[in-house]
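Got your viewer open and your selection tool ready? Let's walk through this fold one stop at a time.

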Amino acid sequence: MARQNYIFTSESVSEGHPDKVCDRISDAVLDAFLSEEAQARVACETFATTNAVVIGGEVGLSDAAKLKDYMGRIDQIARDCIRDIGYEQDKFHWETCQVQNMLHPQSAHIAMGVDRDGAGDQGIMFGYAVEETEQLMPAPIHYSHAILRRLAEVRKSGQEPTLRPDAKSQISLRYEDGKPVEVTSVVLSTQHADESQTSDDIRAIVEPYIREVLPDGWITGATEWWVNPTGTFVIGGPDGDAGLTGRKIIVDTYGGAAPHGGGAFSGKDPTKVDRSAAYAARYLAKNVVASGMASRCTIQLSYAIGVAKPLSIYADTYGTGQVDEVGIERAIAQVMDLTPRGIREHLHLNRPIYQRTAAYGHFGRAPDADGGFSWEKTDLTEALKKAVA
């Protein structure tokens, strides 16, 4: 039987974290290519350090002239991302940093399998949902994201002018009878403008916003606060620490509360099952929980490069299932085409909807009118219940 009383911790990082700067640029490049052609191929990696951004990987459009034109836009795409995040510091400024574009056409050998509607690579992908929050996400990662989103809002609005883009949060929650009931510790490190500001000064700024986003009663007199515990944090972003696309995969998913297949998401077009099948697995797990079949569910999918159908479908409801797990696995195969093409078409993934996913998690977000976060819909519940009946 699963433990019912324990403490679990998850962390998040802000859009100004060096790795997230890179995720944002990679996904902005992807969106630019998908805006031109729905079938564009992109596998874009970004590296950022002091006064420099390097962008590399593979891209493809059906029109070679358009591909050359888009290659010329990469510099401005990167600068626009850095400016929107808010970096205008001496050693990392959107206007003056060096941007090196090393993108090149997609490998013809990879394209062969993908063009036949096969998966863009082998791999295993996991999706997860749990009845801990309205969004059916684990509470520690959900609230870690919520804290940083709120701080970004007040920073960008000018309400808190001394806050800067780079930040990390971490929440430890105590569970009682399997439900989160108390925050045992809050960790928040945020870049700030003035070297004279102390940890106490920063706590006075951020604490009201942290209390605002956490449920009433979760912060108690016993809650430990660790705000900027090392003291001064003025040098931040890629000037303070190098960044790289795809290094925050646990932050991007479930905060460690569920398995992860290992593949990163950002910068990859939806022919790459690292991304599209992970979205499909979340979609399926969320619909299983939303349908009442279980209060907690993990779905695993596996693929081989160039092969269309999934090699396996696995469901685990951790003893919370109202339906046999084998029945759930069979139902999943009936209600959704899980080939790479089937996933892309069902979730409408061939759209420029990815830049917005680069920070504050790929899951637990509200579906957008233009198709963004389509994998967060719960429109499959009736079909699943019918399939298992």
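**Stop 1: Phe8 and its strand**

Start by selecting Phe8, which has its place in strand S1, residues 6-13. Strands (E, at least two residues) and helices (H or I, at least four residues) are DSSP runs, numbered from the N terminus. Before you go further, know that this is a predicted model, where local features need pLDDT of at least 70 and side-chain atom pairs count only at pLDDT 80 or more, while totals for chains, interfaces and linings use all residues. Residues are numbered from 1 along each chain as its sequence is written, and side-chain values use heavy atoms, with hydrogens and water left out.

(Buried means under 20% relative accessible area, exposed over 50%, and partly exposed in between, with a 1.4 Å probe and protein chains only.)

Now show what touches Phe8. Setting aside neighbours within four places in sequence, its contacts include Pro140, Ile171, Tyr175 and Gly255; contact means heavy atoms within 4.5 Å.

**Stop 2: the four-strand sheet**

Colour S1, S8, S9 and S10. They form an open sheet in the order S1-S8-S9-S10, and the pairing is mixed. Two strands pair if DSSP finds at least two bridges between them. S1 and S10 stand at the edges with a single partner strand each, so one side of each has no neighbour in the sheet. From one strand to the next, the twist averages 20°. (Axes are lines fitted to C-alpha atoms, for helices over the stretch in contact, and angles run from 0 to 180 degrees between N-to-C directions.)

S1 and S8 run antiparallel, joined by eight bridges. Which residue of S8 stands opposite Phe8? Look for Leu173.

Next, bring in helix H6: H6 packs on this sheet and touches S8, S9 and S10, and its direction makes about 130° with that of S10.

Over at the other end, S9 (residues 179-192) and S10 (residues 219-227) run parallel, with five bridges between them. Select Val187 and you'll find Trp226 of S10 opposite. Trace the chain from S9 through H6 (residues 199-213) to S10: this β-α-β crossover is right-handed. That is, with the strands pointing away from you, the path from the first strand over the helix to the second runs clockwise.

**Stop 3**

Select Asp177, in the loop between S8 (163-176) and S9. Asp177 isn't a glycine, yet its phi is positive, near 55°. Asp177 is also exposed, with a relative accessible area of 57%.

Then jump to Tyr360, in the loop between helix H10 (340-347) and helix H11 (381-388). Tyr360 has a positive phi too, about 70°, but at 8% relative accessibility it counts as buried.

**Stop 4: the three-strand sheet**

Now show S7, S12 and S13. Their open sheet has the order S7-S12-S13, with antiparallel pairing. S7 (123-130) and S13 (312-316) are the edge strands, each with a single partner, so one side of each lacks a neighbour in the sheet. The twist here averages 15° from one strand to the next.

Eight bridges join S7 to S12 (residues 296-303), and Ile124 stands opposite Ser302 in S12. Helix H8 (residues 273-290) packs on the sheet, touching S7 and S12, at about 30° to the direction of S7.

**Stop 5: the rings**

Finally, show the aromatic side chains. How many aromatic pairs does a search of the whole structure find? Twelve. (Rings of Phe, Tyr and Trp, using the six-membered ring of Trp, pair if their centres lie within 6.5 Å; planes under 30 degrees apart count as stacked, over 60 as edge-to-face and the rest as tilted.)

Zoom in on Tyr87 and Phe92: their centres are 5.5 Å apart and their planes at 85°, so this pair is edge-to-face. Both Tyr87 and Phe92 are buried.

Tyr128 and Tyr318 also pair edge-to-face, 6.4 Å centre to centre with 85° between the planes. Tyr128 is in S7 and Tyr318 in the loop between S13 and helix H9 (325-335), so the pair ties together parts 190 residues apart in sequence. Tyr128 is buried at 3% relative accessible area, whereas Tyr318 is partly exposed at 27%.
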